[in-house]
Structures are given as C-alpha cells and as structure tokens.
Amino acid sequence: MDNDIYQSNSDIDQFALNVPVVNTDIGQQSSAVEGGVERGQAVEYCPNVPRVYTRGMTFMDGFDQDIYARQRTEVPWYSFASQKDWEVAHWLMRTNLSMSEINEYLNLDSVSFPSESSLSFHHARELGQQVEMLPSGPRWKYEDVVTDCPTKHPLRLFYCDAIDCLQSLLSDPQLADCIDFNCRKCQIPQGASLLGVILSSDKTKVTNISGNRYAHPVLISLANIASSSRAKASLHAYLLVALIPVPKFVHSNARVRGVLADRLFHQCIGIVTEPLKAAAKMGIMMNDPVGNSRYCFTPLVSYVTDTPEELLVACVCSNVSPVTTATRDQFGDPFCHPLRKGSSTLAHIKAVLRSVALADVSEFFAVCKKFDLNGVYEPFWLDWPLSDPSQFITPEALHHWHRMFWDHDLNWCIFVVGTDELDFRFMLLQVLTGYRGFKDGVSTLKQVSGRDHRDIQRYLIGLIAAAVPSDFLSAVCSLCEFRYLAQAPCFTEGAVTKVEHALQGFHTLKEAVVNVGARRGKSGANKPWAIPKLELLQGVVPSIHSHRSVMQWSADPTECAHIDYIKVPGCAGNNHNYDEQVCRYLDHQEKCQKFALALEIKLGEGLEEEEEDDRNGDKAGGARCFKDYFERARQLIENKHGAPRPFRTFSTSITAYHLSADPTLTHMTVDKAAERFALHNLRGALADYLERDAAGSVHVIGGRRRAPSNCKLKFERIQVWCKVRMQLKSYHE
C-alpha cells in the first residue's frame, strides 16, 4: 500500500470541520438572526462567505441544450407526437406495468384503432425507445470488479458519476428554495462553497416470499438541502448512485467469505466516490440552483445506515463500537468513551500489513481481530480529506433508538407485566386519530415498521404504570423521554441538558431492570449491558454540539427510497439481469420525471400552487406543496382573506382542521345527522355556534352547551363532511 495515502490523513484528528452544520435549516437560522436570537442559543457567523463566479447553467439551460432542442421548439413534447401522446406515455411509465402488460394495454381496440389521435408507439419497446430520446440526467455505467477470490458469478458494479448526481440535486427546481451554501468553521479556501455529501447504503432483499435475491443500493444526497425537504420522499432528495454487487465467493470458510465481502464493499464504494475525493482535495466548479458557478469542495459529512453496516464502514468487528473505543464489556458505561479516530484505525491496519501477508486472508483476519478490525485493508474513506468515521457515522433514530426500544425496552415490560396482561391493556386502548390501534396486542407483531415502534412508545408508559415497580417505570420512562427530546429539530443549551439528564437518569436507575429479572439470560444469570445501541446513545449529545439536529440523519427517507429504487423496479423486471434492468428502469423514470417538470416550466404551468388543497395532488414532477393550516386559520381569524364564514380551516392549540370545497352529504337534516353520527346534542351545539358567530366572537371547540338539545334552528338541512384534513403540531412545538 502507498504510505503517502495514509500520510494525507495523518492530521485528521486535528481538523475542526463541523460540516453537517451546513444542513441544519440555515435559511431558518438566518431569519432568526435577523429578527433576534433566542435566549440561550449561540450563533456563529461564518467568516468564509462563499463567492459566486461567472454564470453557469440552470436546469432549463440543460434542457434547451439537448440534441433534440431544435425539434422541441416546434413540438414541445418531442420525441412524442402530441400532448396526448406524451400524457399516455408518462402515465404508462408511472404505472409500474411490465412490458407484457403495456403491450396488452396498447393492443386494446380502443387504443390501437387507427384515428387522427392514435398513439405514435404501438408496443412497449417503441415506448422505451422514445423515452430514451428524452433529456438525460446522470448516466449509468458499469465496471467489472476483480476480486482476490473467485465468485460463482462475474461481479459488475453499476453506478453513476457522483458529481453528476450532486449537480442534478443542485439544479433541481423543486429544491432551489431548500439549498443553502453557508457553513461554519470550514477548512476550505476563502470564497469556496462547501457541499456536504451524505451517503447511505443498506443490503436489501428484493424478492418476496420466495427467492434469494439481494441488492445493495448506495444513495447520495446533500447536507446543504434542508432536512425537512430531504425527509420528503416526493422531492427525491436522495438519488441512487450505485448498485454494489452481492457476491457469492467460492470458499469453504464462511469467515473468509465475510472478510472478502467486506473488502468488496469498500472497493466498490471507493470506485463510486473517487470523483468526490478529488473534488474534496482540489475543488470543482459546479452550478447552483439559480445558474451561478461556485468553487465547491465535497467532504463526507454523514453515512446513514444501520448498526451492522456502520461497523463495516468503520472497518471494525462486531464486539466494539464503530464510533468510540468502547468494547462489548463497556457498552453499559454511563459516560462517552474516547472517539475511534480514523488515523488510529489506519495505523492499526498498517501494523497488521507489516506483520502478515495480505494474501493469507484467514491469518490476516486473525491478526486484525487483536486490533478489533474486520480485515479490510483499504477503507474507502482512506484518502477522502476532512472525512473521519468518528465524525461522519452519526446517530440514527430509526435503527439506533426505535429498534433498541423494540428489542429491549418492550421485552423488559412484557417480562414484568406479563404477555397476556400487556396485550390486554393494548386491546383496551381507544385509538387516537393518526395513531395505530393494536387490537391483538403487541407481543405477536411481526415485521413492524418504525411508525409502529413510535406509536407503541407513545402508549407504553401509561399502560405499564401501577403494574411495575416505580424505579423500573422511571428507568423505562427516562429512555422514552431521551428519545423524544433528542428528536427536536433545534436545540438550546437547556434542551441539550435535558437530553443528557434523561440518559443519565436511565443509567442511574438501570439496576431496577436487573432487579426485576428482565435482564436474566437462559442460564438464569443476569446478562451484562452488552447492548451496542445503548452505547451509541452516548454519542447523541456530542453529535448535537457538533452537528446540531440529529433527526436530519434519520434513515426513514432512505428506507422509503429503497422501495422506489429497488423494490418497485425489481417487480417490473423479468428476474433476469436484475441490476441492468433496474438501471434502465430508473433511467426511464428519471427522464420522464425531469421532462414533465421541464414542460411545466416551459409552458408556464408548473410549480404554481393550486388554489384548492383538495384538488392539489402530486405534480408531474412529484412534489407536493406544504400547507400550514395553523397559519391559514390564524389569517382567517384576522380577516386577512375576507373569506365567507364559517371558515373551512380552523384550529385548536395543537390541531388544525381543513375541509374540502365539496361536502360529502349536501342535504341531510339536523335530526338525521344527529342520529346517524350519534351526536345527541348537535342542535344545541349548532345553536351555541350561531349565537357566538352573531356576536362576532371566536367559536371555541369544546366546553359546556348553553342551548337545549331540542332548540329550534333557522334551518333544517346541513352539509356534512365525512373526511377532514388534520394537521398536528410537532411534539417539540
């Protein structure tokens, strides 16, 4: 190995780059600074103001420079003959139909019958050929990967240029208002812009019920995009940048096969991220959302994945922490251990290389295990400037917090309360709007989602109260409080102190869990606190200080992206050449999506908010407009819109309601509505409302009724809405 490469990371311990800070909704922070700073909140001004250079290209500039741009001046929908032609093609591409199903549809008499409005394509292959002529985004390419050990099948890495993916995100008109280039404490040249790279990967099973096909997708995003926008799957802020091959090595030793697979992972990630490393060293000129050129640097700020893959990224074995120097016996310690710096890991790898031949995988791994290494000798982050595993492996709510609750906290409660009793208590719950009901209990649930984990946590403390010892209840409550507080979108010093005290409270009371026998193993002895996710909780407060909000690194949007990028394309193929078909499918989808967005902008239709929310579905580009019904209700009360009364949007302190323009039932009598919906005091409630409305006072939801239930009204028929849009405030608001 090249010692100079390791030397380039020799000063990695001293770098002061807090790159994830660029993501923390800087636009909102800027407005807060202009209007005043919240008490207890420190604000740091960036001394390095990014410069804007000569004009570059916008999204529409790239669209107008396509090889078929001249044809589109006459026919905007080219390569399709007409608007109808394009709309049918776009619909077919979004329906996720297979080629045979598309052919079956196109062969229908009502579709294929010759007429003036007949389609220009007659089968799926022609449709695909015309889609191929649309403007392209990042292009897919492949590279044959050579390994140290033979495999059952040739390995081929499919990937896009990572810089092109970042440029695609920067040029996306839907994300233009969500991107900020301000940063804090960055070791880059004066006037340069920082593009914080976010990577995410997770080995995913493609086949359902039967089959054994796996995919290993790698997603990429930008920390400069506001976290609230990255969390929306409809904005496609995460792009698929690579499909890592899943190998089957021909070797008798399972441990050796695992080491070889780990090495292949780093080898492939290294190939994909090579342009990003070069840009992080030398910089690169890129276009911002409005078409200006910026001199950009691309360090890795976060790698979002689950716990086993975090160990793989950090190049350590399974009995240690990927972030700190803590080992299995220290996972339950009530303090944060020193960080496991990348320079230390590289130094240990160099020591192993000096003592053992690289070709002897078994012996190499045996020596690596003494240093808590996994046998990888060339990590992908080796020559990536300003990128260290102890910094870019960030706390992750879905796999670290909620999965720990499901695997441990809930099992402790089931042990103490009893399976039947706890299930019975869940069955008796009155289901709240927006929450899931558990009519069969929770002990037999399988394949639960992160949302199920969150809903159970909301109920659990109230259900086990008075059924468990007080210290045990306080210990479980401390963990739940820690998880809730740590999900805040922003923090003051007081809020960070509360998070720290909540975790410390659990460690103070955790012996109560042992005392009730909830930590007892199969042999009857108490198990040690060897819970990796418990140790990772110690990194939350330091991460808040260096990276701000932890929820910006949640794996929820990446898990949703796996459905669109892996599961759906897998079902649309014919189970042959899976990776190739996925790439072709995604290429067609992206071309149609970008072409639809460009047409909307070109024809003056797109990105304008529709007047009525109930008629505002998905735009062709895939984005949805966010409506703040609390703000709208406030404006209606202040009579800023002159809307007729009663208002269709109103709110309480925690919930906002919005009714659609058209009611479900238009001429129902008051008595019939009271009988049908079991509202025995409906007449009295309506009379009270009309009295307050006539007096000009604001109607209050709830409270005592003044009018009798049999009072007379000036009308007998009412309009009824059976569906209502509800919006809740965040827990932290």
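The largest cavity of this structure has a volume of about 90 Å³. A cavity is a set of points, on a 1 Å grid over the protein atoms alone, where a 1.4 Å probe fits but cannot get out, and its lining residues have an atom within 4 Å of a point. Grid points are joined across faces, edges and corners, and the volume is the space filled by probe spheres set on the points. The model is predicted, so local features need pLDDT of at least 70 and side-chain atom pairs count only at pLDDT 80 or more, while totals for chains, interfaces and linings use all residues. Residues are numbered from 1 along each chain as its sequence is written, and side-chain values use heavy atoms, with hydrogens and water left out.

The structure holds four cavities of 30 Å³ or more. Around the largest one stand R230, K232, A233, H236, A237, Y238, P557, C560, A561, D564 and Y565. Helix α25, residues 556–572, gives the most to this lining, with five residues. Helices (H or I, at least four residues) and strands (E, at least two) are DSSP runs, numbered from the N terminus. By class, the lining has seven nonpolar, one polar and three charged residues. Here Ala, Val, Leu, Ile, Met, Phe, Trp, Tyr, Cys and Pro count as nonpolar, Asp, Glu, Lys and Arg as charged, and the others, Gly among them, as polar.

The next element to consider is strand β7. Six of the six residues of β7 (residues 239–244) are buried, where buried means under 20% relative accessible area, exposed over 50%, and partly exposed in between (1.4 Å probe, protein chains only). Two strands pair if DSSP finds at least two bridges between them. Strand β6 (residues 214–222) runs antiparallel to β7 and is joined to it by five bridges, and β2 (residues 156–160) pairs with β7 in the antiparallel sense over two bridges. A242 in β7 stands opposite Y159 and is also the bridge partner of V218.

Which residues have the most contacts inside the largest nonpolar core? They are I220 and Y303, in a core of 81 residues. A nonpolar core is a set of buried Ala, Val, Leu, Ile, Met, Phe, Trp, Tyr and Cys residues joined through side-chain atoms within 4.5 Å. A second, separate core of 49 residues includes A397, M404, V442 and F482.

Helix α24 (residues 540–547) is largely enclosed by the rest of the structure, because six of its eight residues are buried. These are V540, V541, S543, I544, S546 and H547. Among the elements that cover them are β10 (300–304), α17 (397–417) and α20 (470–486). Just after α24, R548 takes a positive phi of about 65 degrees.

Some backbone features lie in loops. A cis peptide bond, with omega of about 20 degrees, joins Y78 and S79, and S79 is placed in the loop between α4 (69–74) and α5 (83–94). A466 has a positive phi of about 70 degrees although it is not a glycine. This residue, A466, is found in the loop between α19 (450–464) and α20, and A466 is exposed, with a relative accessible area of 83%. A678, in the loop between α28 (670–676) and α29 (682–694), has a positive phi near 55 degrees. A678 is likewise exposed, with a relative accessible area of 53%.

Technical notes: Contact = heavy atoms within 4.5 Å. 1 Å grid on protein atoms, 1.4 Å probe; cavity = no way out; pocket = protein on both sides within 12 Å on 5 of 7 lines; lining within 4 Å.
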